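Please look at the sequence and the structure before reading on.

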Amino acid sequence: MTIKTLFRVASTLVRNLILKICYGSRYKCAFLNSCSISTQISIQKKGKLIIGKHLSSLARLEIGVRNGGKCVIGDYVNFNKDCTIICHENIAIGDYCIFGPGCKVFDHDHDYKRINIDRKNHLVKGGIEIGKGVWFGANCIILRNTKIGDNCVFGAGAVIKGEYPANTLVIQERKEIRKPIQILEK
């Protein structure tokens, strides 16, 4: 093992101990994980986070469980740089999943029609269920009300919502539209 790996494991153990002290039974994590020092975990208002064994993250993984939400991350899950999970209701990630750099997972949307005068955001929530062995390319966004079967692969930049059967490859085509704009002078 390299010194860098030993430092990551030691810092993860210390972080897990601190999180266990702060959140008690609302935070469960397997003993051995390898998370970057920049990993941020927050659990609010009866939220619950369960992390399986051998979670790996490179840099700047953020996991936020809010307002009674429950997030379960399986064994041998790997997050590349700059990934985010924000859970308000229910997110379940199966074993052996791989998240490319910049992937985001949100089980809620902001109901922009109901933002009231004091700027409180109202949320529309829906669960996310990700099967085993799913691979997400760079900058994928997984949205509420999504169920993904085992062994799916999503190409870079995919916006994922809905049901995807097991063993499916998803590549989203993009169409670039260019139009001239007219600048109004004062």
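Two strands are said to pair if DSSP finds at least two bridges between them. Strands (E, at least two residues) and helices (H or I, at least four) are DSSP runs, numbered from the N terminus. The model is predicted: local features need pLDDT of at least 70, side-chain atom pairs count only at pLDDT 80 or more, and totals for chains, interfaces and linings use all residues. Residues are numbered from 1 along each chain as its sequence is written, and side-chain values use heavy atoms, with hydrogens and water left out.

**Strand β8 and its partners**

- Strand β5 (residues 62-65) is joined to β8 by four bridges, and the two strands run parallel.
- Within this pairing, isoleucine 63 has isoleucine 85 in β8 as its bridge partner.
- Strand β11 (residues 104-106) also runs parallel to β8, with three bridges joining them.
- Lysine 104 in β11 stands opposite threonine 84.
- In strand β8 (residues 84-87), Thr84 and Ile86 point one way while Ile85 and Cys87 point the other way, and all are buried. Here buried means under 20% relative accessible area, exposed means over 50%, and partly exposed lies in between (1.4 Å probe, protein chains only).

- Lysine 81 belongs to the loop between β7 (78-79) and β8.
- With a relative accessible area of 41%, lysine 81 is partly exposed.
- Which residues does lysine 81 touch, not counting residues up to four places away in sequence? They are Leu58, Ala59, Arg60, Pro101 and Gly102, where contact means heavy atoms within 4.5 Å.
- From C-alpha to C-alpha, lysine 81 lies 21 Å from valine 14, and the two are 67 residues apart in sequence.

**Aromatic pairs**

- The structure contains five aromatic pairs. Rings of Phe, Tyr and Trp (its six-membered ring) pair if their centres lie within 6.5 Å; planes under 30 degrees apart count as stacked, over 60 as edge-to-face and the rest as tilted.
- One of the pairs is formed by phenylalanine 99 and phenylalanine 136, which are stacked at 4.8 Å centre to centre with 20 degrees between the planes.
- This pair links distant parts of the chain, since phenylalanine 99 is in strand β10 (residues 98-99) and phenylalanine 136 is in strand β15, 37 residues apart.
- Phenylalanine 99 is buried at a relative accessible area of 2%, and phenylalanine 136 is buried at 0% relative accessibility.
- Phenylalanine 136 also pairs with phenylalanine 154: the ring centres are 5.3 Å apart and the planes are at 10 degrees, so this pair is stacked.
- Because phenylalanine 136 lies in strand β15 and phenylalanine 154 in strand β17 (residues 153-154), the pair ties together parts that are 18 residues apart in sequence.
- Phenylalanine 154 is buried, its relative accessible area being 2%.
- One aromatic cluster is formed by Phe79, Phe99, Phe136, Phe154 and Tyr164.

**Asparagines with positive phi**

- Most residues other than glycine have a negative phi.
- Asparagine 139 is not a glycine, yet its phi is positive, at about 60 degrees.
- Asparagine 139 sits in the loop between β15 (135-136) and β16 (141-148) and is partly exposed, with a relative accessible area of 47%.
- Asparagine 145 is not a glycine either, and its phi is positive, at about 55 degrees.
- Where is asparagine 145 placed? Asparagine 145 is in strand β16, and its 41% relative accessibility makes it partly exposed.
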